[in-house]
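Welcome, and thanks for taking a look at this one with us. Please have the sequence and the 3D view open side by side as you read.

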Amino acid sequence: MKTIDFDQETCLTRPLVATIGFFDGVHKGHQYLINHVVQQADELGCESAVITFRQHPRQVLDADYCPKELSDFDEKQLLLSKTRVENVIALDFDESLAAMTAREFMEKILYQKLCVRRLLIGYDNRFGKDRAETFEDYVRHGREIGIEVLQSQPFVLNGERVSSSLVRRYLEAGEMELAAFCLGYPYTLRGKVVHGVKKGREIGFPTANLVLEDQRKLIPDNGVYAVKVRLENSLEMKHAMMNIGTRPTFGDNRRTMEVHILNFSDDLYGQRLSVSFIHRLREEKAFETESLLIEQLHEDKRLVTEQFIKEQENDE
């Protein structure tokens, strides 16, 4: 897969079959669409392309609301590299691009600059200034410009149309298995380990306090989770339990992310971790005493261990 950073000098000459969108999370719906692009490119003897944006369009279009993201651009590139698409074309979504009508964008960018000759659009995707036009308008513009425009059907799992919005809803509800089912992989956060108040160490459950590398990433609902952790410069996935929340037992109002890696005692301060969510054990709650909290943490650890034993048995 080749990544092309679009600028004013970009001028491709080989005809492309392409799709366009933000592709947040590159979930199964996106994968379904991209597979169709690749198949049609093969049939026509063209190259395939995903045209995407480095910034979420709402960062420019609507400063009051921008959804939390499922993947940063580096993660998106990695996920796209696991498909069969040949080219990823990255555009900076700025005010000049936002001001283009759909026809202007199709003619000046897609046709003249990128040599797109067939455009496959997701079932719910709209583009152009104010997203004011419909799929029928895109077809008409394409016919006049020289781009064949087709529409993909939605990808449906368990009666739900898979979308980035659906995945966000599952994550915000702590439904990690459903989110992973739609994504095709466990949802993952990346961050740096920083110093905390060290209360976990005092009660026998030392934790790595994680600060996200990208503050635009969505953090799942508060609670205790079974997770897998990958340390910086390592491929090994370690079993762990994670608490997201405000530590109500200790009266702390700051939302934190704390990871306790099972059977591990090395110093992690300053290291970067990747945390993949497997299962939500319970909601976060306040305990009347510290001893009751410790008792619950031992039970959480037992359940996390059972979770991964079952996973290993299923894999075998």
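Here is a short briefing on one helix pair and two pockets.

Please keep in mind that this is a predicted model. The helix pair is α5 with α6, and the largest pocket holds about 1100 Å³ of space. The second largest pocket has a volume of about 580 Å³.

**Helix packing**
- Helix α5 spans residues 102-111 and helix α6 spans residues 135-145; their axes lie 10 Å apart and form an angle of about 45°.
- Because of that angle, α5 counts as oblique to α6.
- The two helices, α5 and α6, cross in a right-handed sense.
- On the α5 side, the contact is made by Ala102, Arg103, Met106, Glu107 and Tyr111, while α6 brings Tyr138, His141, Gly142, Glu144 and Ile145.
- Sorted by class, this contact of α5 with α6 has five nonpolar, three charged and two polar residues.

**Largest pocket**
- A total of 41 residues line the largest pocket, and Phe22, Asp124, Asn125, Arg126 and Arg131 lie nearest its centre.
- At least two lining residues come from each of α1 (28-44), α2 (58-61), α4 (95-98) and α7 (164-172).
- Helix α1 gives the largest share of this lining, with four residues.
- The lining of the largest pocket comprises 20 nonpolar, 13 polar and eight charged residues.

**Second largest pocket**
- Here 23 residues form the lining, with Glu75, Leu78, Thr188, Arg230 and Ser274 nearest the centre.
- Helix α3 (73-81) and strands β9 (188-194), β11 (223-231) and β14 (272-282) each supply at least two of the lining residues.
- The lining of the second largest pocket has nine nonpolar, nine charged and five polar residues.

Note on methods:
Residues are numbered from 1 along each chain as its sequence is written. This is a predicted model: local features need pLDDT of at least 70, side-chain atom pairs count only at pLDDT 80 or more; totals for chains, interfaces and linings use all residues. Side-chain values use heavy atoms; hydrogens and water are left out. Axes are lines fitted to C-alpha atoms, for helices over the stretch in contact, and angles run from 0 to 180 degrees between N-to-C directions. Angles under 35 degrees count as roughly parallel, over 145 as roughly antiparallel, 65 to 115 as roughly perpendicular and the rest as oblique. A crossing is left-handed if the near helix is turned anticlockwise from the far one by less than a right angle, and right-handed if clockwise. Contact means heavy atoms within 4.5 Å. Ala, Val, Leu, Ile, Met, Phe, Trp, Tyr, Cys and Pro count as nonpolar, Asp, Glu, Lys and Arg as charged, and the others, Gly among them, as polar. On a 1 Å grid over the protein atoms alone, a cavity is a set of points where a 1.4 Å probe fits but cannot get out, and a pocket is an open set with protein on both sides within 12 Å along at least five of seven lines; lining residues have an atom within 4 Å of a point. Grid points are joined across faces, edges and corners, and a volume is the space filled by probe spheres set on the points.
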